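Have the structure open and follow along.

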Amino acid sequence: MPNFPHAPIVIDGKGHLLGRLATIIAKQALAGQRIVVVRCEEVNISGSYFRNKLKYQRFLRKKHLVNPKKHGPFHHRAPSRILQRTIRGMLPHRTHRGITALERVRLYEGVPAPYDKRKKMVVPAALRVLRLKPGRKYCTVKRLSHEVGWQYKDVVDNLEEKRKVKAKAYHERKARRTAYSTLLSH
């Protein structure tokens, strides 16, 4: 097993393609790396919104014959759960190795408190601007989730606005501090 850092890798999900990001996360989780993905609602799906909505509604109609409430399949509406199910489909999730790999992955809508001050990474192999031909249609998981029943879109948007204001104030303070320290050193 390779030597991975103890701290998890924090990935900013904004602007990444769903399937490509999921494959990379699944491979790293199987190798033993702990991964946290923030802003899962901003992950993109290639193809038009209407086509993706029809595909998801077709998925929502699938149910177990005997007792659908108890036996599933369970159709999660939250963006983090959609990404988790995509990752799960790329793991041997019924084996011990797959279960432990899935436990190494944490997914969040927005940027929660411990990760808002951490450095966030991007995955170039999964970025939409690098992988999708210009002019091709795409949609965000946030819009798709909201249309099929996720009710926290406004809550996450409000929290993101507050976080961005705090981050901007912090960045301005830091810039002033570095400018002041460079003046003192000259």
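Sort the lining of the second largest pocket by class and you get 7 nonpolar, 5 polar and 4 charged residues. Bear in mind that this is a predicted model, so read everything here as computed from predicted coordinates. The pocket holds about 340 Å³ of space. Of the 16 residues that line it, Leu18, Ile45, Tyr56, Ile82 and Thr86 sit closest to the centre. Where does the lining come from? At least two residues each are supplied by β3 (44-46), α2 (49-60) and α4 (79-88). Helix α2 gives the most, with 5 residues.

Now move over to the largest pocket, with its space of about 590 Å³. Here the lining counts 18 residues, and the ones nearest the centre are Asp116, Lys117, Arg163, Lys166 and Ala167. By class, the lining of this pocket splits into 9 charged, 7 nonpolar and 2 polar residues. As for how such spaces turn up at all, rolling a probe the size of a water molecule over the atoms shows where empty space is left.

Next, the strands. β1 (residues 9-12) and β2 (residues 35-38) run parallel to each other and pair over 4 bridges. Which residue of β2 does isoleucine 11 face? It stands opposite valine 37. To get from β1 to β2, the chain passes through helix α1 (residues 18-31), and this β-α-β crossover is right-handed. While you're looking at strands, remember that in a regular strand the side chains alternate between the two faces of the sheet.

Time for some single residues. Find serine 145 in helix α7 (residues 141-148). Is serine 145 buried or exposed? Its relative accessibility is 0%, and the cut-off for buried is under 20%, so serine 145 counts as buried. Who is around it? Setting aside neighbours within four places in sequence, serine 145 is in contact with Arg77, Ala78, Pro79, Ile82 and Trp150.

With 55% relative accessibility against a cut-off of over 50%, tyrosine 180 counts as exposed.

Notes. Residues are numbered from 1 along each chain as its sequence is written. This is a predicted model: local features need pLDDT of at least 70, side-chain atom pairs count only at pLDDT 80 or more; totals for chains, interfaces and linings use all residues. Side-chain values use heavy atoms; hydrogens and water are left out. On a 1 Å grid over the protein atoms alone, a cavity is a set of points where a 1.4 Å probe fits but cannot get out, and a pocket is an open set with protein on both sides within 12 Å along at least five of seven lines; lining residues have an atom within 4 Å of a point. Grid points are joined across faces, edges and corners, and a volume is the space filled by probe spheres set on the points. Ala, Val, Leu, Ile, Met, Phe, Trp, Tyr, Cys and Pro count as nonpolar, Asp, Glu, Lys and Arg as charged, and the others, Gly among them, as polar. Two strands pair if DSSP finds at least two bridges between them. A crossover is right-handed if, with the strands pointing away from the viewer, the path from the first strand over the helix to the second runs clockwise. Buried means under 20% relative accessible area, exposed over 50%, partly exposed in between (1.4 Å probe, protein chains only). Contact means heavy atoms within 4.5 Å.
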